[in-house]
Amino acid sequence: MNTRTWLENLPKVELHIHLEGSIPLDALWTLVEKYGGDPATPTLEALRQRFVYRDFPHFIQTWVWKNGFLRQYEDFTVIAEAVARDLARQNMRYAEIFYSPPDFARHGLELQPLTEAIRRGLTRVPEIEINLVADLVRDFGPEQAARTLAMVSEVKDQGVIGVGIGGSEQNHPPEPFAPVFAEARRRGFRTSAHAGEAAGAASIWGALRALEVDRIGHATRAVEDAALLAELARRRVPLELCPISNVCLSIVPDMAAHPARRYVDMGMLVSINTDDPAMFGNSLADEYEALMTHFAFTQDEIRALVLAAIESAWLPEERKRALAASFQADSAW
Ligand SMILES: [Zn+2]
């Protein structure tokens, strides 16, 4: 069997993937047409062309534009089912998926029914277990984040297990969100922050010290600070790496410059993820294949990365052990 087929069949886990960045393009196209089309985007091919980015701010701008086509609760049921089917088809067995409820207040969508609509779509695909992580979206500021957190607490029964902050990291450092993260912990949520992607090492220090996060999203730019690298390795802070995303958004100049190999060799706890696969045209198999091509990762090392993702997951220890055992017993392992 060739490597590509092995990677596709391999049972896998995703910990850093955004629901709204994973909508298969045909499903997104259906929504664009539903809402009367977009003059600048007349065809499905034009839609695909839109997902090429000059820089991080341009990516955020495209993200906001795309989210403009999610206007009704039923849209979320449709996309959640489409995303879950797409992940299950790739042999993803478990995923923790970000969703960004504050982005949809502009269409009058409330967090609770929006979350229920997503869960309705996800439950139609029993082949994959999916938990949700609510992105409080740093762009709206800490006070709005606190209000969002209070609403998220009402939908824990919908499988919302954590909260995070994504968005414009370069304009919104972590420290002002410290009280919100403390409150999230009190309410029993696990926490993650995007850090060291659009901003540098200081943002990662802030996520660790001020937010006391359970995991760091990206941490790519930790390479700028040797003391930080040592700290991340010593504490085995789970890092959600998204290499192809980092290349697409020019966080690193090319795949060869990505620190994934260095982090693994330093003994860091690293998982590999796709971030926004419909917006970068990547899959988790592509991510692993890139590591094998550019950094000579072996099949054993890829298997270790999959197990590291399970270790980093926000599941009870017993459930993690069972998941790892089921992977290792799988004929595709
Ligand atoms: Zn992300």
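**Parallel strands and packed helices**

In the predicted model, Gly217 of strand β6 (residues 215–218) has Glu240 of strand β7 (residues 239–241) as its bridge partner. Strands here are DSSP runs of E with at least two residues, helices are runs of H or I with at least four, and both are numbered from the N terminus. Residues are numbered from 1 along each chain as its sequence is written. Local features need pLDDT of at least 70 and side-chain atom pairs count only at pLDDT 80 or more, while totals for chains, interfaces and linings use all residues; side-chain values use heavy atoms, with hydrogens and water left out.

The pairing of β6 with β7 is parallel and comprises 2 bridges, where pairing requires at least two DSSP bridges between the strands. Together with helix α10 (residues 226–235), these strands form a right-handed β-α-β unit. A crossover counts as right-handed if, with the strands pointing away from the viewer, the path from the first strand over the helix to the second runs clockwise. Strand β6 also runs parallel to strand β5 (residues 190–195), to which 4 bridges join it. Ala195 is partnered there by His218 in β6. Helix α9 (residues 201–209) carries the chain from β5 to β6 in a β-α-β crossover that is right-handed.

Two packed helices are described by the angle between their axes and the distance between the axes. The axes are lines fitted to C-alpha atoms over the stretch in contact, and angles run from 0 to 180 degrees between N-to-C directions. For helix α2 (residues 25–34) and helix α5 (residues 73–89), the angle is about 160° and the axes are 10 Å apart. The two helices are therefore roughly antiparallel, a term applied to angles over 145 degrees. The crossing of α2 and α5 is right-handed, meaning that the near helix is turned clockwise from the far one by less than a right angle. Ala27, Leu31 and Lys34 of α2 are in contact with Glu74, Asp75, Ile79 and Ala82 of α5, contact being heavy atoms within 4.5 Å. This contact has 4 nonpolar, no polar and 3 charged residues; Ala, Val, Leu, Ile, Met, Phe, Trp, Tyr, Cys and Pro count as nonpolar, Asp, Glu, Lys and Arg as charged, and the others, Gly among them, as polar.

Helix α15 (residues 299–312) and helix α16 (residues 317–328) cross at roughly 160°, and their axes come within 9 Å. This angle makes α15 roughly antiparallel to α16. Their crossing is right-handed. From α15, Val306, Leu307, Ile310 and Glu311 meet Lys320, Leu323, Ala324, Phe327 and Gln328 of α16. By class, the contact has 6 nonpolar, 1 polar and 2 charged residues.

Conventions
Angles under 35 degrees count as roughly parallel, over 145 as roughly antiparallel, 65 to 115 as roughly perpendicular and the rest as oblique.
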